[in-house]
Amino acid sequence: MKKIFISIGIIYLLIIFQTSFLAHFRSYYYLPSLAIIFVVFLNLFEKQEEKNGLIIAGACGFFLDIFSGKPLGFYTVILLIASLVIKVIVKKYLYLKPSK
Amino acid sequence: MNKLGNPKKLKTIFLLILAGVIILTINYTSLGSKTKDLFLTASAPLQTLFWQQGQGLSHFIDKLKGISFLEGENSYLKLENQRLKAELANLLELKNENQELRKALDIGLEKEFEVTTANVISKDPFQDVIVIDKGSNDGISVNFPVISPQKNLIGRVEESFASFSRVILTSNKRSSISAKISDQEETIGVVNGESNLKLVFDLVLQDNKIEKGSLVLTTSLGNIFPKGLLIGEIKSINYSDVKPFQTAQIDSGLDLNKLNSVFIITNLR
């Protein structure tokens, strides 16, 4: 639970940092969303039995919806689906089962 | 089914997706805008802080980037400034020349003589010589009289080069001009240069009366200068019974510092 709150806090700060601070720089227009990158990496390297990545992805999507002009739920659904797809891919193709 | 995990986990996943769909749905009600408003209000102080810091840093970086541009712009502006100064100086010179020409037209110089304007490019008051920027290419020849815009005699061309000429002033020791006192046709003499802008009216007969303040004009004797050009004004008279002639000091009124342009009489009308 602690991990979820910390991650949500980081995502919140990353989104505000990107939309308020980095918006003044030219690199802002070429920079992908730091929050989405964070969520993707979190889901990629999360243990298979944990599902925190999905919750964090949902929260990240929610904050992106808040600070973007998109309708509420747009990024939430996209990130939840993306998180799910990542988990499936990791489990099917990348996860190494421990040998018995 | 087992590949994705147990049914409990699947249930969680579907619940999350369902939550997303619900959020998307409530977006079309007033609740969506209220939620956004709540979060944005709460985040406003932090966003303001980040915004101000970002703005400050961005301006600082822009200034750093601008230094090299400013250096280039500065050197360009310096060159431009120099060019404009030169242009201004040229315009002022033309203005002065224009004024001189207007003065000359006012006194009807062009009616009496055919004149060419020239600028003084060099002065040597110790040798009573000036150099002007017109020469043989402009039709200037040796012995052409040189006058001021006020019709005062300045001197004559001593040597003419292709594009400039050397003029000896009336006060030059090599200068000797036949002259007379204004309104006294009989009082004639010779004005000799004594260097250092000094002139002396010499060879005036003792019988002729010279008065202080009288104007000394050129005569047509010698066939160099046209008659009636003002040489100067009698400043002091040296009268001596033992000498056959009387002499007088002449003030030419010539101010070399103000002499920037002159007229060369190329032909009498």
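Me: In this predicted model, a salt bridge is a side-chain nitrogen of Lys or Arg within 4 Å of a carboxyl oxygen of Asp or Glu. How far apart are the closest N and O atoms of B:Arg166 and B:Glu158?

Reply: B:Arg166 and B:Glu158 form a salt bridge, for which the cut-off is 4 Å. B:Arg166 is partly exposed, with a relative accessible area of 28%. The closest N and O atoms of the pair are apart by 3.2 Å.

Me: Which parts of chain B does the salt bridge between B:Glu158 and B:Arg174 tie together, and how many residues apart are they in sequence?

Reply: The closest N and O atoms of B:Glu158 and B:Arg174 are 2.6 Å apart. B:Glu158 belongs to strand 4 (residues 153–160) of chain B, and B:Arg174 to the loop between strand 5 (165–169) and strand 6 (176–181), so the parts tied together are separated in sequence by 16 residues.

Me: Is B:Arg174 buried, partly exposed or exposed?

Reply: A residue counts as buried under 20% relative accessible area and as exposed over 50%. The relative accessible area of B:Arg174 is 48%, so this residue is partly exposed.

Me: Which residues are joined into one network by salt bridges that share partners?

Reply: Over all chains, the structure holds seven salt bridges. B:Glu158 forms a salt bridge with B:Arg166 and another with B:Arg174. The network made by shared partners consists of B:Glu158, B:Glu159, B:Arg166 and B:Arg174.

Me: Is helix 1 of chain A roughly parallel or roughly antiparallel to helix 3 of chain A?

Reply: Helix 1 (residues 2–21) and helix 3 (residues 52–67) of chain A pack with their axes 10 Å apart, at an angle of about 30 degrees. Angles under 35 degrees count as roughly parallel. Helix 1 of chain A is therefore, relative to helix 3 of chain A, roughly parallel.

Me: How many nonpolar residues does the contact of helix 1 of chain A with helix 3 of chain A have?

Reply: The crossing of these two helices of chain A is right-handed. Residues of helix 1 in the contact include A:Ile4, A:Ile8 and A:Ile11, and those of helix 3 include A:Ile55, A:Phe63 and A:Phe67. Besides two polar residues and one charged residue, the number of nonpolar residues is 13.

Terms used
Residues numbered from 1 in each chain as written. Chains lettered and ligands numbered in written order. Predicted model: local features only at pLDDT ≥ 70, side-chain atom pairs only at ≥ 80, totals over all residues. Heavy atoms only, no water. Axes fitted to C-alpha atoms, helices over the stretch in contact; angles between N-to-C directions. Helix = DSSP H or I, 4+ residues; strand = E, 2+ residues; numbered from the N terminus. Parallel < 35°, antiparallel > 145°, perpendicular 65-115°, else oblique. Left-handed = near helix turned anticlockwise from the far one by under 90°. Contact = heavy atoms within 4.5 Å. Nonpolar A, V, L, I, M, F, W, Y, C, P; charged D, E, K, R; others polar. Buried < 20%, exposed > 50% of the residue type's maximum accessible area, 1.4 Å probe, protein only.
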